[in-house]
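Please read them with the coordinates open.

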Amino acid sequence: MKIEAVVLEDAFVQLEPLTPALKDEMRMALDCDAPSWDIMVGAAYGPHFEGWWASAMSAMAAGNRVAWAVRRDGALVGTTSLYEIKPEHRRCEISSTFYRPEARGGPVNPACKRLLLAHAFAAGAIRVEIITDGVNAASQAAIRKLGARDEGILRKHKITFTGRIRDTAQFAILDEDWPAVRDGLDARLAAFA
């Protein structure tokens, strides 16, 4: 399994692998909605951006993450990643996802997940995990709506940038689940066309 850092796009979004040329635009796009960042492990708004950016670039250089800028109608509206890439186990995680408030609730999230999942499974993944904070009920509902299976709560799994010890809700989509998940996402996206 080899996850390539390539542009992914459909009728709703374009995902561009992060490059130094995107840094300033990404900083401006992510500098919003502090309360949403405050329940994430790491933040990328305001003074937190440089650390987030350095971590993303380092992980991409090491080959265990591909981070993308998310565009909708040309505007940069967020970021998402295939993370914890483990070729030896043929698995990865969709993580580090943040969308500007105006990009939430429409086709952006299902379109991004459709592209990322297709990319991972085409590369040979047999398991794609999606995790979120145990207190983030909206994110958990969105993950369930994708068709991912709930695998439980990892207690005291991570410590956020605010110092809060978080429980993590874990979900996964396996290669044999992918055709039904894909069809469900395609049906959802068709409603936005």
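1. Ala67 stands opposite Ser81 in E4, and this strand (residues 75-86) runs antiparallel to E3 (residues 66-72), to which seven bridges join it. Strands here are DSSP runs (E) of at least two residues, helices (H or I) of at least four, numbered from the N terminus, and two strands pair if DSSP finds at least two bridges between them. The hairpin of E3 and E4 has two residues between the strands, and Asp73 takes a positive phi near 55°.

2. The model is predicted, with local features needing pLDDT of at least 70 and side-chain atom pairs 80 or more, while totals for chains, interfaces and linings use all residues. Residues are numbered from 1 along each chain as its sequence is written, and side-chain values use heavy atoms, with hydrogens and water left out.

3. E4 also pairs in the antiparallel sense with E5 (residues 91-99), over six bridges, and Thr79 stands opposite Phe98 in E5. In the hairpin that E4 and E5 form, four residues lie between the strands, and Arg90 in the turn has a positive phi of about 55°.

4. Leu15 is among the residues with the most contacts inside the largest nonpolar core, which has 57 residues; such a core is a set of buried (under 20% relative accessible area, 1.4 Å probe, protein chains only) Ala, Val, Leu, Ile, Met, Phe, Trp, Tyr and Cys residues joined through side-chain atoms within 4.5 Å. Helix H4 (residues 108-122) gives the most to this core, with eight residues. Leaving aside neighbours within four places in sequence, Leu15 is in contact (heavy atoms within 4.5 Å) with residues including Trp68, Val70, Cys112 and Leu116.

Key:
Buried means under 20% relative accessible area, exposed over 50%, partly exposed in between (1.4 Å probe, protein chains only).
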